[in-house]
Amino acid sequence: MDLDSHFDASGGFEGKDDGKSKVHIRMQQRNGRKSWTTVAGFPETARLPKSGKVLAVDFDKILRALKKTFKTNGVLIKDAEHGSVIQLQGDIRKEVAEFLIEVTALVTKDQIMIHGS
């Protein structure tokens, strides 16, 4: 095995990535039992399957649906390095991943990476 190739803990050895970006879902501890769930790396645009049109993703609408579905508060953070980051109250990593795959259908199961579970 070539030890000179670059190893990335999140994605394995270089060259494995098929061009699709990963959506990272993390839990961040606040104080005591309180925590945040953050969703970073969500695609900014989505291509429609039949017509091939490329549309911008409405993060406000996704955030509103997440807040209503999981009965929690959340905020949308615009970051220069990570793009749009969705931050929700509570540790709901698995539920958010399931929601993004089934309800929004903008990402697939192999694109989602849940950290710390």
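This is a predicted model: local features need pLDDT of at least 70, side-chain atom pairs count only at pLDDT 80 or more; totals for chains, interfaces and linings use all residues.
Colleague: In what order do the elements of the protein chain run from the N terminus on?
Modeller: Helices (H or I, at least four residues) and strands (E, at least two) are DSSP runs, numbered from the N terminus. The protein chain has two helices and nine strands, and their order is β-β-β-β-β-β-α-β-β-α-β.

Colleague: At what angle do helix α1 and helix α2 pack, and is α1 roughly parallel or oblique to α2?
Modeller: Axes are lines fitted to C-alpha atoms, for helices over the stretch in contact, with angles from 0 to 180 degrees between N-to-C directions. Helix α1 (residues 59–70) and helix α2 (residues 93–104) have their axes 12 Å apart, at an angle of about 120 degrees. Angles under 35 degrees count as roughly parallel, over 145 as roughly antiparallel, 65 to 115 as roughly perpendicular and the rest as oblique, which makes α1 oblique to α2.

Colleague: How are the rings of F42 and F59 arranged?
Modeller: Rings of Phe, Tyr and Trp (its six-membered ring) pair if their centres lie within 6.5 Å, and planes under 30 degrees apart count as stacked, over 60 as edge-to-face and the rest as tilted. The centres of F42 and F59 are 5.9 Å apart and their planes stand at 70 degrees, so the pair is edge-to-face.

Colleague: Is F59 buried or exposed?
Modeller: Buried means under 20% relative accessible area, exposed over 50% and partly exposed in between (1.4 Å probe, protein chains only). At 4% relative accessibility, F59 therefore counts as buried.

Colleague: Are F70 and F99 buried or partly exposed?
Modeller: F70 in helix α1 and F99 in helix α2 are 29 residues apart. With a relative accessible area of 22%, F70 is partly exposed, whereas F99, at 8% relative accessibility, counts as buried.

Technical notes. Residues are numbered from 1 along each chain as its sequence is written. Side-chain values use heavy atoms; hydrogens and water are left out.
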